[in-house]
Amino acid sequence: MEQPVQTQMWKAQTLEELVQILHHLFAGDKVNVAEVQALMDSYDSNPLEWMQYAKFDQYRYTRNLVDQGNGKFNLMILCWGEGHGSSIHDHTDSHCFMKVLQGNLKETLFEWPNKKGIGEMMKKSERVLRENQCAYINDSIGLHRVENTSHTECAVSLHLYSPPFETCSTFDQRTGHKQKVRMTFYSQFGERTPCATAVLQENN
Amino acid sequence: ITLIDRSQPRGCTLACIHLDGGLAADLASRRSAETRRLVLSQRRLPGPLPPGLARWFPALEVLDVSGTGLAALGSELLSLPRLHTLLAKNNRLGGPGSLPKGLAEAPLLGRSLRVLNLSGNRFAELPAALLGLRGLQSLSLGSNRLHSIPPEIQELRSLEFLYLGGNFITSIPPELASLPSLSYLVLCDNKIQSVPPQLAQLHSLRSLSLHNNLLTYLPREILNLVHLEELSLRGNPLVVRFVRDLTYNPPSLQELAGRTIKSRNVSYTPGDLPGNLLRYLHLASNCPNPKCGGVYFDSCVRQIKFVDFCGKYRLPLMHYLCSPECSSPCSSASQSSTSQSESDSEDEAIVAAHRMQKVLLG
């Protein structure tokens, strides 16, 4: 399938439509990042469409699988309670799109630590993503930490990763030391899927 | 938007209703003996909640008045016999009389209330009215103006979830550790400088949030929290270099006598000693050096050691040792007490005896 010459502007009226168009955009081998980002931007968050996936956990943020994209991508909804945040992490050579569906999320970008992994990691920039805003990152851009800094409101975000990945590395901000972690789903397709493993999940 | 829940015994349907006229008249017109959830959030209420609330909705279990601009919650709540969840975030509560007098003593509400969310208000101290709520399981006072946590917090015996992030709290009272069921403790975004070692008594603690505070080290007792699964420490000025306390004051004669009594198990009875010395002997702390087995009272060496925690962190933990010759069991080469053996990471400097640095306690 030929790559279109111009970036097409898609509009997803519903979450279901978003998924359908994503299947179309990822049918080939190449990803047009601008097109996917525009599509994600275009969807106006409607809680009634995604609330079945939005399962919160008291202790930490959750990852809730929505669609597996025929193996080409994972689409998931992350639910962040008050004060919940992630470690600094990479994206295992994949594209990562993140769209805020409710609330606000702070994204802090970091440089990769130097090879020895010694010393405080360097912050590149930070920003607050508001409802319906969509961010993009991949390993060549850098690493990031995502957090809900609100003490009164929850946050919900829609994430798309392509190709899908199950492990990533998390980084200690003070030392740059990294550790591989396995990522798990709190729920899949709206069903709670408890994780059997006792392995420590990524922390911060 | 005002939503009134027309509950069936199971499940609920939410309807958006535009209410005209006064709030009291609106609510009274919708009185129901079955309504379990009342959500009045995100609408500016013209005044306090009407006194008739309990009469109109006697089955109410959940009341959400978040974002309504309320400056006070009054006695209209006290006669709600089944209310277990009260959400009043983002209002103007905090002044005197924000919460109804006799809240904890209220025969019905005082026992039924399990979840209370007062985040995003203006409380400068934890309201005393709450302290008697012995059935309260979840309390949130995030984003208020608290400067401290009262020791009376230990009266909330059923508390499992305590959210105090985003305040101005400078220290944690050891009494907090008396809460037997506490499993989630959030203290992020405060001004906390130290963590009392007693916190290690919170055996049920699963998640501890301490990020964005002023911590330079943690007490070594934190290692005792075996059920801890989540620990956030980022945004603290944690010391990264191995340091040893320069100011070791040699023990006093009283201390030496006390140490001898304890370590040799010299027996004594309350009649043998004046009360102040009995109390003194009671305060002996055990030296963590397994080869020492001694005790200390006031004279001790403070030493920061880095300990691998959860397989992920190198945490600076404060150890109290009875003498400079002692070494704690946490170091990887704990047999020798020379300074070389105690630095075991590439990011820690080896501190030679003649270049001891003062402990940076912030």
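A salt bridge is taken here as a side-chain nitrogen of Lys or Arg within 4 Å of a carboxyl oxygen of Asp or Glu. The model described is a predicted one. Across all of its chains, a search of the whole structure finds ten salt bridges.

**Salt bridges**

Three of these pairs are listed below.

| Pair | Closest N to O distance |
|---|---|
| K123(A) and E126(A) | 3.8 Å |
| E147(A) and R234(B) | 2.4 Å |

Side chains of opposite charge can pair when their charged atoms come close. The salt bridge of E147(A) with R234(B) crosses between chains: E147(A) belongs to strand β8 (residues 143-147) of chain A, while R234(B) sits in the loop between β12 (230-232) and α4 (253-263) of chain B. Both E147(A) and R234(B) are buried.

E61(B) is partly exposed at 22% relative accessibility, as is R36(B) at 30%.

In chain A, K123(A) and E126(A) belong with K106(A) to a network of salt bridges. E126(A) has a relative accessibility of 45% and therefore counts as partly exposed.

**Surface charge on chain B**

A patch of positive charge on the surface is formed by R44(B), R92(B), R122(B) and R145(B). Of these residues, R145(B) lies in the loop between β7 (138-140) and β8 (161-163) of chain B. Its relative accessibility of 43% makes R145(B) partly exposed.

**Annotated site in chain A**

The unreviewed UniProt entry carries a "binding site" annotation that covers H89(A), H91(A) and H144(A). These residues are spread over 56 residues of sequence, yet they cluster in space, with a largest C-alpha distance of 9.3 Å. H89(A) is part of strand β3 of chain A and is buried, its relative accessible area being 12%.

**Backbone geometry in chain A**

Most residues other than glycine have a negative phi, and most peptide bonds are trans. D93(A), although not a glycine, has a positive phi of about 65°. D93(A) occupies the loop between β3 (88-89) and β4 (95-102) of chain A and is exposed, with a relative accessible area of 69%. N132(A), also not a glycine, has a positive phi of about 75°. N132(A) lies in the loop between β6 (123-129) and β7 (134-137) of chain A and is partly exposed at 22% relative accessibility. The peptide bond from S162(A) to P163(A) is cis, with omega near -10°; P163(A) falls in the loop between β9 (155-162) and β10 (167-171) of chain A.

Note on methods:
Residues are numbered from 1 along each chain as its sequence is written. Chains are lettered from A and ligands numbered from 1 in the order in which they are written. This is a predicted model: local features need pLDDT of at least 70, side-chain atom pairs count only at pLDDT 80 or more; totals for chains, interfaces and linings use all residues. Side-chain values use heavy atoms; hydrogens and water are left out. Patches are made of residues with over 30% relative accessible area and no salt bridge: like charges are joined within 9 Å, nonpolar side chains (Val, Leu, Ile, Met, Phe, Trp, Tyr) within 5 Å. Accessible areas come from the Shrake-Rupley method with a 1.4 Å probe; for residues, only the protein chains shown count as cover. Lys and Arg count as positive and Asp and Glu as negative; His and the chain ends are not counted. The place of a charge is taken as NZ of Lys, CZ of Arg, CG of Asp or CD of Glu. Helices (H or I, at least four residues) and strands (E, at least two) are DSSP runs, numbered from the N terminus. Buried means under 20% relative accessible area, exposed over 50%, partly exposed in between (1.4 Å probe, protein chains only). UniProt positions are given in the numbering used here, feature names are shortened, and annotations may be inferred rather than shown by experiment.
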